[in-house]
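I opened this model to look up its confidence and the surroundings of a few residues. My entries are kept in the order in which I made them.

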Amino acid sequence: MRGLLWLIALFAAAVGVAMLARVNDGYALLVLSPYRVQVSLNLLVLGLIALFLASYFVLRVVTRAVRLPGQVVAYRGRRRKEKSALALREAFRLHLEGRYAHALKQAKKAYDLADEDGVAALMAARAAHALRDDTRYREWLGKAAGDERLRAARLMTEAEMAVEGRRFDEAAERIRTLKGSDNRPVATLRLALKTAHALENWEELIRIARQLRKHKALSKEQAEPLLRRAHLAALRERDGQHEAIARYWEGIPAEEQQDRRLVEKAAPLLVANGQGATVRKMLEKLLDEQWESDLARLYGYCGENDAVACLNRGEKWLKAHPDDGGLLYALGRLCLSAQLWGKAQSYLEASASVAPTVDAHLALAQLSERFERPEEAQTHFRRAAQLTGAAQQAPALAQLPAPE
């Protein structure tokens, strides 16, 4: 439709020009002594238009001829870039497929075509590292170092490859260099987390895990085991330093102290370092919120300062949980601390009856020895040994093939 309109407009313009030329009877006199030329004005106009078009055409041809060498160079450059980009994409694809030798070849091709492109050099370095070719890996990293724009990418690659190669000291150095940048991507934090875990740098691991959880790169379920292990390791490093271990535990955020598995593992260590009162308050709060037999068992170690008060609190719990083996054991331990020997024996025997454990039988054996009942003591020692042997055999039996 548009072409038809243009055609109609062209014909209308031609008709208009023809009618204008028909009524135009003027002429032009050109004098160049001794010559005189008289021509129709219409012919002069047409001649000028033809001269302009011819001049424009000649000028365009000359301009294109002058620009042709540069255009050829630019075209060849574009073709090289296109081939380089294609080779780089192939290198990435082959690397993802695990065809590292072919990936290295394509990355080298991309590097040569793109006039020493740093991205292609990093891709070649990754492929060489996957091939366990350390010489070529270092060589390609050196080539990538020439592109300052890829500094962060190069350091990130070196850190990642160092972690994969279990060169954690090298990885830590590269990550420290990256810390100078304001941009701390999640990938860098993940590498730093692995490095800190491998180097057993627990305080650094805790800091990074909290950052990742803040950025939602780690869920609560993923962060808890890492934080728990780091806290326990840090507490063990301070074992025997009563003030230091107390300060460290107080510095743990309340949210992390609510981890029941952490409390379960840390409570004996804290009690052994004179923090029984702290453990007692913590256990009472957790047990009031949600009952758990394993935590109730630990309550028996909190009676060094005020065993009677702990015993009274435990007996109140006993009304709601009369058959809880862990609580019965804790009450037996508290009675031993308060030197209530008869009640201690009753609670320990009830615990061993409900949920037989090595600790309960050992406590009963020691109590029997105190009152010179060697036969009872030997019985409880044998029972404790049997339970220990059964616990050691259970993992081995679990690995046996199932009967057909």
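The entries below go from confidence to single residues.

I noted first that this is a predicted model, in which local features need pLDDT of at least 70 and side-chain atom pairs count only at pLDDT 80 or more, while totals for chains, interfaces and linings use all residues. Residues are numbered from 1 along each chain as its sequence is written, and side-chain values use heavy atoms, with hydrogens and water left out.

I looked up the mean pLDDT (the predictor's confidence in each residue, from 0 to 100) and found 84 for the protein, with 93% of its residues at 70 or more.

I then turned to Leu 5, which lies in helix H1 (residues 2-23) and is exposed at a relative accessible area of 51%, where exposed means over 50%, buried under 20% and partly exposed in between, with a 1.4 Å probe and protein chains only.

Thr 357 sits in the loop between helix H18 (341-354) and helix H19 (358-370), and I recorded it as buried because its relative accessible area is 18%. Leaving out residues up to four places away in sequence, Thr 357 touches Arg 297 and Leu 387.

Last, I checked Val 62 in helix H2 (residues 41-96), which is partly exposed at 46% relative accessible area.

How values were computed: Helices (H or I, at least four residues) and strands (E, at least two) are DSSP runs, numbered from the N terminus. Contact means heavy atoms within 4.5 Å.
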